[in-house]
Amino acid sequence: MRQLIAKGIVASVLFVSPATTLFPQSSDSTTSNDEVVKLEAFVVQAGFAGSLAAATEMKHRQDVITEVIAAEDIGKLPDVSIADSLTRLPGVTTQRTNGRSQQISIRGLNGDFSTGLFNGREQVTTNMNRSVEFDQYPADLLSSVVLYKTAKPSLTSQGLAGTVDLQTVHPLDKNGRVVAVSGYYEWNALGALTPGADSTGNRFNLSYIDQFNNNTFGLALGYSHSSMPFAGEQFQAWGYPTDNNNLVLGGMKPYVRNSTLDRDSWLGVFEFKPNENIHSIVDIYYSAFSEDQLLRGMEVPLYWSGAQLQPGYTVTDGLATQSTFKNVQPIVRNDTFARKDKLVSLGWNLVMGAKSAWPVTFDAGYSRVNRNDKNLDLWAGIS
């Protein structure tokens, strides 16, 4: 019997030689020439199977209920943001804003009941309330994510529903220099629904990891850029009053929307470990996010206005499906929304005397968010 081990994933492969009988006829069929089978171990260190094995191993080491995401390698998580990656975990759903994953719900509780950490330190949010907007964190700059579904005393901040800890790479954990580059070209199927809007976009990332001074100092630098186009068509009915016991349209708001999301993120991790008793890690994260949205359409008051419904309209199952109104006075709307966010996160972890009887741990963090929203509505109608 040969055992295949891949960091927590175990599979068994049976090899049978021609001289070996797999199912002996009787107990005395064994001979003195029985072969000695040796056990060999194989460890998968890279690839998608390696990422699954690493996540399984990390989850196995936890002493509370957790879910874990481990990157196949730095820059290998394929999602635009870590919010998309989190939605693949059991018990986690996402709230989408204009087509993109943004906030998450853990076991049915919305983002107000969860907490976001960056390397174990609580982060401020770009949202207007407690809910963390995880689309501010690109997936390709993170090494792993641990979702704590139960409380853990060692966590400085915890949410009632759960705690999401975003973790960066440790440069000294790598065996050598690592350079990762990837790029994507994107477009939306609806195209430019509003004049002046972009229907195409792109995203790319660059990561660099290296070690110096006999593996006592490690450096990790990363940059991620994304420019994503979104488009949508919407129709809103004001309600359905009755006319001669038939439902008719009270009014409507048809709109088209184009928006572009731009995000530029930088990450720096500096690790210093001259000996077993001193270990220092400094991490710096900065993200600049902007959203430009164009919404154009009309507000058309019909039955609930001075417009007159003309007789002879078509009714199907009690609903007027084709009708004519006179004296309709629509309102043309051009709405512009612009949002700009800047997020800064700094952290320093220092462990002294890790092998001694009295180890000392110092950990400090700082995070700040600036957000600026602008709404401009332009209305035009007839009198």
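## Nonpolar cores

Among the 29 residues of the largest nonpolar core, those that touch the most other members are Ile 82, Leu 86, Phe 134, Val 164 and Leu 166; a nonpolar core is here a set of buried Ala, Val, Leu, Ile, Met, Phe, Trp, Tyr and Cys residues joined through side-chain atoms within 4.5 Å. At least two residues of this core come from each of α2 (82-86), β5 (100-106), β8, β9 (162-167), β15 and β16, and α2 gives the most, with 3 residues. The structure is a predicted model, in which local features need pLDDT of at least 70 and side-chain atom pairs count only at pLDDT 80 or more, while totals for chains, interfaces and linings use all residues. Residues are numbered from 1 along each chain as its sequence is written, and side-chain values use heavy atoms, with hydrogens and water left out.

With neighbours within four places in sequence left aside, Leu 166 is in contact (heavy atoms within 4.5 Å) with Ile 82, Leu 117, Phe 118, Asn 119, Phe 134, Tyr 137, Leu 142, Ser 144 and Val 145. A second, separate core has 9 residues, including Val 248, Leu 249, Val 300 and Ala 307.

## Aromatic pairs

The structure holds 9 aromatic pairs, where rings of Phe, Tyr and Trp (its six-membered ring) pair if their centres lie within 6.5 Å, and planes under 30 degrees apart count as stacked, over 60 as edge-to-face and the rest as tilted. Phe 118 and Tyr 137 make a stacked pair, at 6.1 Å centre to centre and 25 degrees between the planes. Because Phe 118 lies in strand β6 (residues 114-118) and Tyr 137 in the loop between β7 (121-122) and β8 (144-148), this pair ties together parts that are 19 residues apart in sequence. Both Phe 118 and Tyr 137 are buried, a term that means under 20% relative accessible area, with exposed over 50% and partly exposed in between (1.4 Å probe, protein chains only).

Trp 348 and Phe 362, by their geometry, form an edge-to-face pair, with 5.2 Å centre to centre and 70 degrees between the planes. Trp 348 is partly exposed, with a relative accessible area of 35%, and Phe 362 is also partly exposed, with a relative accessible area of 39%. Elsewhere, one aromatic cluster is formed by Phe 204, Tyr 223, Trp 266 and Tyr 286.

## Sheet and hairpin

An open sheet is formed by 7 strands in the order β10-β11-β12-β15-β16-β21-β22, with antiparallel pairing; two strands pair if DSSP finds at least two bridges between them. The edge strands, β10 (178-187) and β22, each pair on one side only, and neighbouring strands of the sheet are turned by 10 degrees against each other on average, direction ignored, with axes as lines fitted to C-alpha atoms, for helices over the stretch in contact, and angles running from 0 to 180 degrees between N-to-C directions. Strand β15 (residues 251-275) is joined by 21 bridges to strand β16 (residues 278-301), and the two run antiparallel; Leu 261 stands opposite Glu 291 in β16.

Strand β4 (residues 92-97) runs antiparallel to β5 and is joined to β5 by 6 bridges. The two form a hairpin with 2 residues between them, and Asn 98 in the turn has a positive phi of about 55 degrees.

## Overall composition

The protein has 2 helices and 22 strands, taken as DSSP runs numbered from the N terminus (helices H or I, at least four residues; strands E, at least two). Buried residues make up 42% of the 383 residues.
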